[in-house]
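Work through the exercises below with the sequence and the 3D structure in view. Each task is followed by its solution, taken step by step.

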Amino acid sequence: MDFLKDPLQVAANWLFGILAGWGVADLWAQVLIGFLGVFLLIALLMVVDILLVWVERKVVSRFQSRIGPNRVGPFGLIQPFADIIKLLIKEDTTPEGADRALYNLAPVLSMMSVLILWAVVPLAPTILGVDLNIGVLYIIGAGAIGTLSIIMAGWSSNNKYSLLGAFREVAVMLSFEIPMLTMMLIPTIFAGSMGIAAITQAQDVWFFFLAPLAAIIFLIAAIAELGRAPFDMGEAESELISGYNIEYSGMKFGMFYAGELLHAFTFGSFWAILFFGGYRFFGLEKVSAFLAIAVLLFKAFIGYWIIMWVKYTLLRIRIDHMLVFNWKFLTPVAFALLMVTAFMNALLAESPTWLYVGGMFLSNVLVAWISLELARFAARKERERTEGALTAEARR
Amino acid sequence: MTVDQIIFLIAAAATLFAAFSVVTTGNLIRAAFWLIGALFGVAVIFAILHASFLAVMQVVVYVGAIAILFIFAVMLTRKDMRDQGAQLNRNWKFGAFLSALVFAGLFFLLRGWGGVSKTAAAFPSDFDAVAALGGALVSPDAYVLPFEVASVLLVAALVGAVYVAYNHK
């Protein structure tokens, strides 16, 4: 029963006993067990990552009325492994005039920036890497390393297209970081803590019902942060060929690709954790840690599926539209929502749960309605300005 | 030597090496990347000092925003990003003298201070550094005035930047 509740602690204690029997000092045994834990988590993530290639290809083919990979193994399940072997035996090219050290460092940093995010993800009540009390900021900090890897790849490749792609991608990532961080502060207000574990524990009512607008803005900003369609300006295969990763071949390209897929899955899981209760599902998480992990993975896959749904449905937006959308609409709405939420939180602090949830929900709907009306007003004025007052009159 | 001290020595050596490389590298973009390395090293030192908020802010603000803007500025202002000017100008002797003087002054100052050789007291287990920092920033008998002044300064800088960039018709 204990093993079902807290498998990692039981395993760690068992290993500790064995190592102590061998005469290993306590400190070194702890370091060794810590390393094994990290290794286990990364191994699990990499296996999930391999399968994500298959999931992504199958889902996109369904969206596009195709069948997708179906030749190698049952349902094409062995396809990703064949792809990995292909990537490994491909020639590893380095362009003329590239900055070798930075060129080789960039894919590693890209993958690393995604993997370190999982250090703060609570997979189950008892299974999490570290319970940082600044978990929300840590996520943004890890994103900063991702941004760095992109500009590094773009510059060190010594290619105009990759540099242009990197510029665009970094401009988008830097700007959408602001609404994303602001929206992460709203679960922080509800939970009274920036720790990811505390935010999960506080969700007796899913935060999505308290702040639906915040969840939607967070998803939009996260998709832009991922550089996925409709925000895939950095790659823009029809104009920049492939953006910042154009010069990479073989497994180095594979690292960027796998990093991007895992990043999307990671943000799916953050969406689930911040707004949909993480591993909590009607007390299932108290039965067994394994069930909790299954619940979290299930919710994360739903988030990942929505990100894919958006990617394969919408067209790419022009870069100036993208930045205008962020700076003139998303960021002001995010700030307004943060202020309204903080105010309502102070106002409703003493009230019963149903009033708190209802008040928060209504204030979110109100902010969404007002901001959409304002956007409509601004868009109509802009149209009148460009088309001339006469045509606008005729249209009415 | 404790584990903390070993980590500190490694981080400090890496930071110093990166900082030295910033001023000795001829390539400006490379120098910017070395600067990022130095800033990371400072973040590690913050983390060793249990200032987790400052460590993460160091990465978010300096690495994620300021260093990236440095790289943008270098790329936008330089025609050839591999150009190499002279590393030193004729004031280098005076500059070296001044920095040696400052170093010597700090060295003797710290040698005379007993706090260097002491080990820091451990935090109580329920101490929440982030909450304490947040409380200090908004409480009137702590840092609310400097905090507000800094905010006003930043807003002024923001408005100024918008004005400079605004397309006057």
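**Exercise 1: the two chains**

Task: How many residues of chain A are in contact with chain B, and which elements of chain A do they come from?

Solution. Step 1: 16 residues of chain A are in contact with 15 residues of chain B, where contact means that the C-beta atoms of two residues, placed from the backbone, lie within 7 Å. The model is a predicted one, in which local features need pLDDT of at least 70 and side-chain atom pairs count only at pLDDT 80 or more, while totals for chains, interfaces and linings use all residues. Residues are numbered from 1 along each chain as its sequence is written, and chains are lettered from A, and ligands numbered from 1, in the order in which they are written.

Step 2: On the side of chain A that touches chain B, the elements giving two or more residues are α6 (135-156) and α7 (160-191) of chain A. Helices (H or I, at least four residues) and strands (E, at least two) are DSSP runs, numbered from the N terminus.

Step 3: α6(A) supplies the largest share of this side, nine residues.

Step 4: By class, this side of chain A has 13 nonpolar, three polar and no charged residues. Ala, Val, Leu, Ile, Met, Phe, Trp, Tyr, Cys and Pro count as nonpolar, Asp, Glu, Lys and Arg as charged, and the others, Gly among them, as polar.

**Exercise 2: the domains of chain A**

Task: Describe where domain 1 of chain A touches domain 2 of chain A.

Solution. Step 1: Chain A is divided into domain 1 (1-85) and domain 2 (90-315), with bounds from an automatic or database domain assignment. Their C-alpha centres lie 19 Å apart.

Step 2: 17 residues of domain 1 of chain A are in contact with 15 residues of domain 2 of chain A.

Step 3: α1 (2-5), α2 (7-21) and α3 (26-63) of chain A each give two or more residues to the domain 1 side. α3(A) gives the most, with ten residues.

Step 4: The residues of the domain 1 side divide into eleven nonpolar, two polar and four charged.

**Exercise 3: a helix pair in chain A**

Task: At what angle do α14(A) and α15(A) cross, and are they roughly parallel or roughly antiparallel?

Solution. Step 1: The axes of helix α14 (residues 319-347) and helix α15 (residues 353-387) of chain A come within 10 Å and cross at roughly 150°. Axes are lines fitted to C-alpha atoms, for helices over the stretch in contact, and angles run from 0 to 180 degrees between N-to-C directions.

Step 2: α14(A) and α15(A) are therefore roughly antiparallel to each other. Angles under 35 degrees count as roughly parallel, over 145 as roughly antiparallel, 65 to 115 as roughly perpendicular and the rest as oblique.

Step 3: In α14(A), the residues that meet α15(A) include Phe329(A), Leu337(A) and Met344(A). Among their partners in α15(A) are Gly359(A), Val367(A) and Ala375(A). The contact has nine nonpolar, three polar and no charged residues.

**Exercise 4: the build of chain B**

Task: How many helices and strands does chain B have, and what does the C-alpha trace of chain B span?

Solution. Step 1: Chain B has six helices and zero strands.

Step 2: Along its principal axes, the C-alpha trace of chain B spans about 55 × 45 × 30 Å.

Step 3: Chain B is divided into domain 1 (1-85) and domain 2 (126-169), and 24 Å separate the C-alpha centres of these two domains.
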